[in-house]
Amino acid sequence: MRRKETLHWVAVHSLGIAAALFFVLPFVFVFLTALMSDQQALTRDLWPKPFQWHNLIDVLNTPGFLTWWKNSLFYAVVGTLLAVTSSIPVAYALAKFKFRGRSLALMIVIATMMLPPQVVIVPMYLFWTQQLGMSGTLWPLIIPMAFGEAFTIFLLRQFLVSIPKEYVEAAKIDGCNDFKAMIRVIMPMAKPAISAVALFQFFYCWNDYFGPQIYASDNPAAWTLSYGLESFKSAHHTNWNLTMAATVLVMAPVIILFFFAQKAFIEGVTLTGVKG
Amino acid sequence: MTSFPATDEAVRIAAPAQGSLRRKRRRETLRNLAFLSPWLLGVGLFFLYPLFSTIYFSFVKYDGYTPPTLVGLRNWKYVFTDFPNFWPAMENTVWLVLIMVTLRVAFGLGIGLLITKIKTGAGLFRTAFYLPYLAPPVAATMSFAFLLNPGTGPVNNILGALGLPQPGWFNDPTWSKPALTLLAIWGIGDLMVIFMASLLDVPKEQYEASELDGAGPLRRFQHITLPNISPIIMFAVVTGIIQAMQYYTQPLVAGKVASGVIGGSGQQFEPGYPDKSTLTLPQLVYNLGFQRFDIGSASVVALVLFVLSMIFTGLLMRRRGGLLSAED
């Protein structure tokens, strides 16, 4: 029995290491290439000789790169703040109030959550650029976030449904109205869910390529990192080392953020799929 | 006779009660509207209005500048019969659904099972499996375009050193979709977490009981694990199909990088490189609407995408056994 257990342990962990290599090696190759010289990046070498740390600095100093960084951060931070604050009351109403049309409303939330952005992009583009003259800015992406984000609403609602009604009722007996009960009682309890949806929203904005491509492609001053990265590649099409250095710099913030907020993240993912 | 005053009394008591009930209802309706107002506005402005506009645009000839003129079903006929990119995009979607979704679910489940069995360093393994999911799609695609580039990419170098064939990956129409699939499997972290959570939820007693009955690991998986997690597998399959239909950034960026197109403004990239093998429906909307200024045909493709997405979203929400239930 003892030997069988040991064998099982070894088998499981070897399989785990093999799988982990598949997931980690791409990062390692990308990172190592980012530190090579131009010529070495075109050879079969896997290990940089010497380590050119200044590649990362060179990329940061490329005209535009820091602007794109700033734009991404602005889009992600403001977008997240707007989306979360506007979605909380909606999620609260869908979870805690009983009214006619509630399940229809929730069905529409889920439908819009699953809707590819391309379905409505043509009229939206005409609306923002021709009627409101916002071509070449990220505002057409940021402003709609103030009107509730379907995914955020859905996730928060899933969480709020699991908080017993009695908390709201007790708050009302203490003289709170619904708004106060939401702010003072429910929101503190929903902190893990709120931080999870905030992270998802941040990542969504940071990773968004289609939105900036539609609205900002003709104005490089408004590009985001995700959009600019690809044109960076085009400009340096033979320099894989600098391209990979830029890629590292685009990936770094999300990965660093993950290490700080691992738990919130994992909780958020389970919330989407498991708790119905 | 004596009952009259009593009834009067009852009416007098009931009336204000009914009035306050109605007032309470009205207050509740106002409260509901207040809480829902941001979203109600948002749905009207950013969902219903553009959806109806798209339907209207699908029946007009419109370049975005000169006033639209009604052309009936001409755009629909063009997209389905004459537009040379529509059916290849549909074919690619079917390929992605059949192969990519199946492999993603299988690997997600496999990695999920594996992580529940790992006793030492589980946190480290979980982080390793999860991290690629977080990589921004453009960055991940560029990384894979580098790793898999046929000439100097590390993957082909390693394959060559092992004496294995070295595919053209993103530069070869028969290998471009497998390369995209590899990229999609790399970013499996979300499925891994969902499967892991549902596997940990399977009641332990069932395993213990079956072990007493002498069931081996395979039978236990087949008769206990699978039935318990089948709703999650369904969820992963259906959301996977919806994602496959929305696939945009990865195939576009992979095609651009592999073809070596000089991007930015100026030169335009005709999507689908190589040989239409990476075309997807969302790319057609962009190509028709924003590169060819054929808003009518772009709207037709957008509506096809809408109908397909809603069919599968409907599967997710079916009233009984729905996976994203709109009920409590």
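The side chains of B:K256 and A:E230 meet in a salt bridge, with 3.1 Å from N to O; the term denotes a side-chain nitrogen of Lys or Arg within 4 Å of a carboxyl oxygen of Asp or Glu. Across the interface of chain B and chain A, two salt bridges are found by this rule. The model is a predicted one, in which local features need pLDDT of at least 70 and side-chain atom pairs count only at pLDDT 80 or more, while totals for chains, interfaces and linings use all residues. Side-chain values use heavy atoms, without hydrogens and water, residues are numbered from 1 along each chain as its sequence is written, and chains are lettered from A in the order in which they are written.

Turning to the interface as a whole, chain B contributes 97 residues to the contact and chain A 103 residues, where contact means heavy atoms within 4.5 Å. Together the two chains bury about 8,700 Å², 77% of it on carbon and sulfur atoms; buried area is the accessible area (1.4 Å probe) lost by two parts on being put together, summed over both. B:F35, B:W39 and B:F46 supply 9% of the area that chain B buries against chain A, more than any other three residues.

One helix pair spans the two chains. Helix α1 (residues 2-34) of chain A packs with helix α5 (residues 137-147) of chain B at an angle of about 80°, their axes 10 Å apart. The helices α1(A) and α5(B) are therefore roughly perpendicular to each other (angles of 65 to 115 degrees). Their contact involves A:P26, A:F29, A:V30 and A:T33 of α1(A), with B:S143, B:F144, B:F146 and B:L147 of α5(B).

Terms used: Axes fitted to C-alpha atoms, helices over the stretch in contact; angles between N-to-C directions. Helix = DSSP H or I, 4+ residues; strand = E, 2+ residues; numbered from the N terminus. Parallel < 35°, antiparallel > 145°, perpendicular 65-115°, else oblique.
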